[in-house]
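Subject: Structure handover

Hello,

Here is the structure we talked about handing over. Please have a look at it first, then read the notes below.

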Amino acid sequence: MKNIKYFLIFTTLLMIFAFGHAQNSVTISTIPGGVPGSSIQVAVNAQLTTVTASIQFSISYDPAVLQFVSLSNFNPNLLAIPDADIDFDSPAPGQIWFNFWDGNFPSTFVMPSFAKLFDINFNCIDYASGTSTLQFSNTPMLIEFMGESDQYYPILTDGGVVTIDPPATSTYSGTGAWNAFANWNNGLPGTITNAIINHGAVTTITTAAKCNGLTIKGDGALTLNSGKSLTNGGDFLIEPRGTFIDNSNGSFIATVMRDMIGNWVHGNTEY
């Protein structure tokens, strides 16, 4: 009987220990429908019941699919700690590191229920659809979660972003650079997207630009800066009063439409 009693006590303590540690978890969300050429937020959520003084880890991603912008929307429990230090960086394409340190250690930072730790802000690369896994990594910053006196090990769950096929057509309105995401109604054009510079729109190519076909509407204007490139895989149409200025000394074949005043005579036929 005595052995059974000790076994039950041991089993109960083991279950309590396992349950307590199972509640410590950090999860990167999975986004199934990122639009190429648009901005996207990916939530990193956590439940940290162990009193925490320090967090650091890296996240890897595919720079051919995503472009890192920043971290934002940090959990209020982090921000509420006086002298808390929150740092992040992207030392190289495909790498993000995050570091939290409580300057008033020891303290009582916990996340008793599953909530957002922070958001990762990305731009989805415009050239093609694709999938990027978002993985916890020991490069360039080692994964470390410190309690009041020792390191603990939460469950880490990777996520990802799946971008959909780029749109068939995207139209630029307003004034600004070609890669101003907000000026395109369907996202920045890629190699299978027909780009339209809208009536009265004025844009300048300041980086490498790609599209399947290009139309410049009346009173629309496009300037290609020196040293930059425009890859156009289809038709290039400049409508009446549309303007294309090529400062790159490139080679383009374009159909130029112009308003005509007077009669057009072809052979013996007058139109």
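Accessible areas here come from the Shrake-Rupley method with a 1.4 Å probe, and for residues only the protein chains shown count as cover. On that basis the chain has an accessible surface of about 14400 Å². Carbon and sulfur atoms hold 56% of this surface.

Two notes on the source. This is a predicted model, in which local features need pLDDT of at least 70, side-chain atom pairs count only at pLDDT 80 or more, and totals for chains, interfaces and linings use all residues. Residues are numbered from 1 along each chain as its sequence is written, and side-chain values use heavy atoms, with hydrogens and water left out.

**The chain overall**

The chain has 2 helices and 26 strands. Both are DSSP runs numbered from the N terminus: helices are H or I with at least four residues, strands are E with at least two. Of the 271 residues in the chain, 38% are buried. Buried means under 20% relative accessible area, exposed means over 50%, and partly exposed lies in between (1.4 Å probe, protein chains only).

Now the contacts, meaning heavy atoms within 4.5 Å. Take those in the chain with a separation of 6 or more: 59% of them join residues 24 or more positions apart.

A disulfide is a pair of cysteine sulfur atoms within 2.5 Å. The count by this rule is 0. Two cysteines are worth noting anyway. Cys-124 is buried because its relative accessibility is 2%. Cys-211 is buried too, with a relative accessible area of 2%.

Two strands pair if DSSP finds at least two bridges between them. Strands of a sheet pair through backbone hydrogen bonds, either parallel or antiparallel.

Strand S1 (residues 25-28) pairs with S12 in the parallel sense over 3 bridges. Thr-27 has Thr-157 in S12 as its bridge partner.

**The parallel sheet**

Another open sheet has 5 strands in the order S14-S16-S19-S22-S24, and its pairing is parallel. Strands S14 (169-172) and S24 (255-256) are the edges, each pairing on one side only. Inside it, S19 (residues 213-216) and S22 (residues 236-238) pair over 3 bridges in the parallel sense. Ile-216 stands opposite Ile-238 in S22.

**Strand S7 and its partners**

S7 (residues 95-101) is largely enclosed by the rest of the structure, because 5 of its 7 residues are buried. S4 (residues 54-60) pairs with S7 in the antiparallel sense over 7 bridges. There, Ile-59 stands opposite Ile-96 in S7. S6 (residues 85-89) also pairs with S7 in the antiparallel sense, over 5 bridges. Here Asp-85 stands opposite Trp-101 in S7. The hairpin of S6 and S7 has 5 residues between the strands, and in it Gly-94 takes a positive phi near 95°.

**Strand S9: two residues**

Gln-135 sits in S9 (residues 130-137). Gln-135 counts as partly exposed because its relative accessibility is 37%. Ile-59 is 76 residues away from Gln-135 in sequence, yet their C-alpha atoms are 5.3 Å apart. Beyond neighbours within four places in sequence, Gln-135 contacts Ile-28, Ser-58, Ile-59, Ser-60 and Asp-158.

Ser-132 counts as buried because its relative accessibility is 1%. A polar atom of the Ser-132 side chain lies 2.9 Å from the backbone nitrogen of Asp-62. Residues touching Ser-132, leaving out those up to four places away in sequence, include Tyr-61, Val-65 and Gly-160.

**Gly-34**

Gly-34 is in S2 (residues 30-34). With a relative accessible area of 2%, Gly-34 is buried. Not counting residues up to four places away in sequence, Gly-34 touches Ile-40, Cys-124, Val-162, Thr-163 and Ile-164.

Best wishes

Technical notes
Polar contact = N/O pair within 3.5 Å; in protein donor to acceptor, adjacent residues only side chain to side chain.
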